[in-house]
Amino acid sequence: MKYKIFKLILENILQHTEVSLEELLGGGKNSTKAMVQSRHLLFYLCSQRGMRPTEIQEYMERVGYPLAHTTVTRGVNHIQEVIVNDPDISTIANRLSAIEL
């Protein structure tokens with residue numbers, strides 16, 4: 001139901017962070033900090049829009065990135081800690097959350 005919003009948030013993150021979709025969806029041992037933080041920001045901003053971890057999981061699977069809903073929850077928790085401790089990431093998160101969808 002909120003897939004359109006998910007896609008808009010995803011596009012905004014890709015534009016702002018200059019991480020490609022392939023990089024954001026890539027994973028494993030070759031993930032950079034920017035890739036992981038971009039993905040976690042996606043989870044966080046979607047959760048701020050009222051999406052449940054299982055919804056985010058479903059939408060990630062639609063774009064080619066299967067994962068467990070617990071991964072979404074851990075990502076949200078992790079980026080919340082980063083936002084508190086890193087003013088730059090906090091600024092990015094605030095700017096991205098303020099974007100009209």
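I began with leucine 45 and listed its contacts (heavy atoms within 4.5 Å): leaving aside neighbours within four places in sequence, leucine 45 touches Ile9, Ile13, Ala93, Leu96 and Ser97. Before going further I noted that this is a predicted model, in which local features need pLDDT of at least 70 and side-chain atom pairs count only at pLDDT 80 or more, while totals for chains, interfaces and linings use all residues. I also noted that residues are numbered from 1 along each chain as its sequence is written, and that side-chain values use heavy atoms, with hydrogens and water left out.

Leucine 45 lies in helix 3, where helices are DSSP runs of H or I with at least four residues, numbered from the N terminus. I looked up its accessibility and found 4%, which counts as buried; the scale calls a residue buried under 20% relative accessible area, exposed over 50% and partly exposed in between, with a 1.4 Å probe and protein chains only. I then checked the C-alpha distance from leucine 45 to asparagine 94, and the two are 9.4 Å apart in space although 49 residues apart in sequence.

Next I turned to helix 3 as a whole. Helix 3 has 16 residues and reaches 22 Å from its first C-alpha to its last, close to the 22 Å expected at 1.5 Å a residue, the expected span being 1.5 Å times one less than the number of residues. Its buried residues include Met35, Gln37, Arg39, His40, Phe43 and Tyr44, and the buried residues of helix 3 pack against helix 1, helix 2, helix 4, helix 5 (69-85) and helix 6 (87-97). After helix 3 comes glycine 50, with a positive phi near 90 degrees.

I then examined helix 1, which has 15 residues and spans 21 Å between its first and last C-alpha, close to the 21 Å expected. Buried in helix 1 are Phe6, Ile9, Leu10, Asn12, Ile13 and Leu14, and their cover includes helix 2, helix 3, helix 4 and helix 6.

How do helix 1 and helix 3 cross? The axes of helix 1 (residues 3-17) and helix 3 (residues 33-48) come within 10 Å and cross at roughly 145 degrees, with axes fitted to C-alpha atoms over the stretch in contact and angles running from 0 to 180 degrees between N-to-C directions. At this meeting, Phe6, Ile9, Leu10, Ile13 and Thr17 of helix 1 face Ser38, Leu41, Leu42, Leu45 and Cys46 of helix 3.

Glutamate 18 sits in the loop between helix 1 and helix 2 (21-25), and at 72% relative accessibility glutamate 18 is exposed.

Finally I looked up the salt bridges (a side-chain nitrogen of Lys or Arg within 4 Å of a carboxyl oxygen of Asp or Glu), and the structure holds two. One joins glutamate 55 and arginine 52 at 3.6 Å, N to O; glutamate 55 is buried at 14%, whereas arginine 52 is exposed at 51%. Another joins glutamate 58 and arginine 62 at 3.1 Å, N to O, both in helix 4 (residues 53-62) and four residues apart, about one turn of the helix. I recorded glutamate 58 as partly exposed at 39% and arginine 62 as partly exposed at 48%.

How values were computed. Helix = DSSP H or I, 4+ residues; strand = E, 2+ residues; numbered from the N terminus.
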